[in-house]
Amino acid sequence: MQIARLTSLNMKHNKSVKLLTLATTTAAVLLLAACSASNEQPVVPPTSDTPNAPALSGTLNLGGSSAQTAAQTTWRAAFQSANSAVSVNYDPLGSGAGRTGFADGAYAMAGTDDAFQLSDIASTEFKLCATGSGIVELPVYVSPIAVAYNLPGITELKLDAASVAAIFTGRITQWNDPALLALNPNVALPELNITTVHRADKSGTTGNFTDYLTDAASEFWTAGRTESWPAELSGEAAEKTQGMRQALEAANGAIGYIDVSQVGSLGMASLLVQGTAVEPTAAAAAKALAGSGLEAGRSNIDLAYDINRVPTDNTAYPLIMVSYLVACQQYQDATTAELVKAYATHVISEAAQSAAAKDAGSVSLWEDAALQKRVADAAEAIR
Amino acid sequence: MLHIAKRRTVADRVFTGGLIACGVLAIVPLISVVWTTLSRGSERLDIDFFTQSMRGITGAGGGALHAIMGTLLITASATLIAVPIAFGTALWLTEYAASTTSPAVKALARTVRGVIDVLAGIPSIVAGLFMYAVIALTLGPGYRSGFAGAVALALIMIPVVERSGEEVLARVPAELKEAGLALGAPQWSVILRVVLPTALPGLVSALLLGISRIIGETAPLLLVAGFTDSMNYNLSAGRMISLPVYVYSQWQNKGVDAQAYDARAWSAALVLLAGVLLLHGLAGLVIRLQRQNRQVRRARR
């Protein structure tokens, strides 16, 4: 009796629990069944009776430079809209991670602010590439790097390479240092400590920044060109582009270097070139690019730039980065090759380049007809 | 005398006051988190947020449907993997290993308990790295899938569910089990018909707490499930994003209209917070039902 009663009690009680479970499950299932994103077109599997099935399908995973994030978002959005059966993912984990991931076969293409070194190309086995295949390096994203600062009320700041080097090596520690006041006679620089912010991760932006200091202020910057910030220099370390931005926004008196598309509300310093202050604009970056040449000793599909950091043109902004999209010349897998080629072709197209110029403040390749032709030829070589 | 009494009263007041202050201090961060998430997250909590993915979105607009679906799918499959193992272990430990006389079984039970304690203390990123190492070795470094994420989450969930499940099962009155055994029922039958039904509400709340433990995990999913802009219902192939990873990627990988990315991240955080609170509410409800049921039972006795 006792057991029977208990059992019936249990059953009664279980009903409420069961009901609850049932309700939750039903809700979840209904939700799952009803959902397809309203901004996505349904993917039609290519069959014989759907003649307008998408020509391309599959997933393309890319990764690398976090400076390219904004541009990649623009490019991917347009490419995915045009090819409803293709997904393109971009992991902005940094140039170093992108190159490693590409070599390991994790990424079909890498975005990197530094081209592969010639010695690395010779010694690395690229997992997705066919044996004996070279790699294609396309300069797709040319953008000024801003020396950004957080000084409320100060909208104009002029710096030269030497003072930037002095600030980042700790020789200048106050905003009202005589050297800075001399460069900015009309600006009321405050008596405030300078907080320098540098990237904590291995970064192509750091590489370009130190390259600029090495060439333009060799007497003050002795650490050379490096993607990892020299450990002996102090300052605040920030993870990736967003970490840099966050650190700069958080600290009054902070100064750092960041892709111009991510500057937001921070101040941007003008750099003195041949005695003239040049602002980090796309036009000034294009001038610097025009004054630079391709690195010698590379094949005609490996378009690595040797950037001239001390331009003779006093309208050129020398602190630029040339960021690359790296692909295999020949892939082991034909489907991957097809997707990669389609995406690379899209990225260097006039529409995509000017969209990135608009969204991310980069320089369109199409401003330099000769360069655009070389890049198009190199992309054409992908198979 | 009066002096001593007064001193004691004062000491008591001070002590009580201190404890109340601690209690208030403990909930201040929670209230602050809920308030901030509510005020910042409500901005983008519109229809689009629940009906769109991020595919083809560059600045403002877009939504988190793909992340909501990913969270549901990954959490559901992690639960499906973890729950049988966790409850099975808990049953074995309470029903069989506890009453055994064999030293070998006892030693095994001790080892299992020890290992589960260790497992409970593992940081979630380690579970993620473990899965990453497994899939990187077997399927290549670029492989990402929702299922791999689910396995990593199951690793985190098993000890949580097992421990609370074991506690619940241990509380099933021995008289009930003995009555069943005395009537000649085999042990498996007693477990199925007496132990499990009696412990069910407790087990359900153990399950819900386990789910709310894993639903907000970011690190393991970031490593093995990856992020994507598009819907993906296929657990076994392709990247699948979940809400916490969505929050991270919206914050970390901002495009040019940074405001829009921040707003989406806050809204997704709000949805996630609401989901976790809902789960806790459900667990609380189940526990309350169980208590009421006990009171009814006692009253009838």
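The sections below take up the interface, then the helix packing, then the sheet.

## Basis

The structure is a predicted model.

## The interface of chain B and chain A

The size of an interface is often given as the accessible area lost when the parts come together. Here the area buried between chain B and chain A is about 4100 Å², and carbon and sulfur atoms give 57% of that area. On the side of chain B, Arg55(B), Arg239(B) and Arg300(B) supply 16% of the area buried against chain A, more than any other three residues. The contact takes in 50 residues of chain A and 49 residues of chain B.

Two salt bridges are counted between chain B and chain A. In one salt bridge the side chain of Arg239(B) meets that of Asp91(A), at 2.9 Å from N to O.

## Elements on the chain B side

Five helices of chain B each give two or more residues to the side that touches chain A: H3 (65-96), H7 (174-182), H8 (187-214), H10 (243-252) and H11 (258-300). The largest share, 11 residues, comes from H11(B). By residue class, this side of chain B divides into 27 nonpolar, 15 polar and seven charged residues.

## Packing of H3(B) on H10(B)

From H3(B), the contact is made by His66(B), Ala67(B), Ile68(B) and Thr71(B). H10(B) brings Leu243(B), Pro244(B) and Tyr246(B) to the contact. Five of the residues in this contact are nonpolar and two are polar, with no charged residue.

## A sheet in chain A

Chain A holds an open sheet of three strands in the order E5-E10-E11, with mixed pairing. Strands E5 (158-159) and E11 (276-278) of chain A are the edge strands, and each pairs on one side only.

Strands of a sheet pair through backbone hydrogen bonds, either parallel or antiparallel. E10 (residues 270-273) of chain A and E11(A) run antiparallel and are joined by three bridges. Within this part of the sheet, Leu272(A) stands opposite Ala277(A) of E11(A).

Notes: Residues are numbered from 1 along each chain as its sequence is written. Chains are lettered from A and ligands numbered from 1 in the order in which they are written. This is a predicted model: local features need pLDDT of at least 70, side-chain atom pairs count only at pLDDT 80 or more; totals for chains, interfaces and linings use all residues. Side-chain values use heavy atoms; hydrogens and water are left out. Contact means heavy atoms within 4.5 Å. Buried area is the accessible area (1.4 Å probe) that two parts lose on being put together, summed over both. A salt bridge is a side-chain nitrogen of Lys or Arg within 4 Å of a carboxyl oxygen of Asp or Glu. Helices (H or I, at least four residues) and strands (E, at least two) are DSSP runs, numbered from the N terminus. Ala, Val, Leu, Ile, Met, Phe, Trp, Tyr, Cys and Pro count as nonpolar, Asp, Glu, Lys and Arg as charged, and the others, Gly among them, as polar. Two strands pair if DSSP finds at least two bridges between them.
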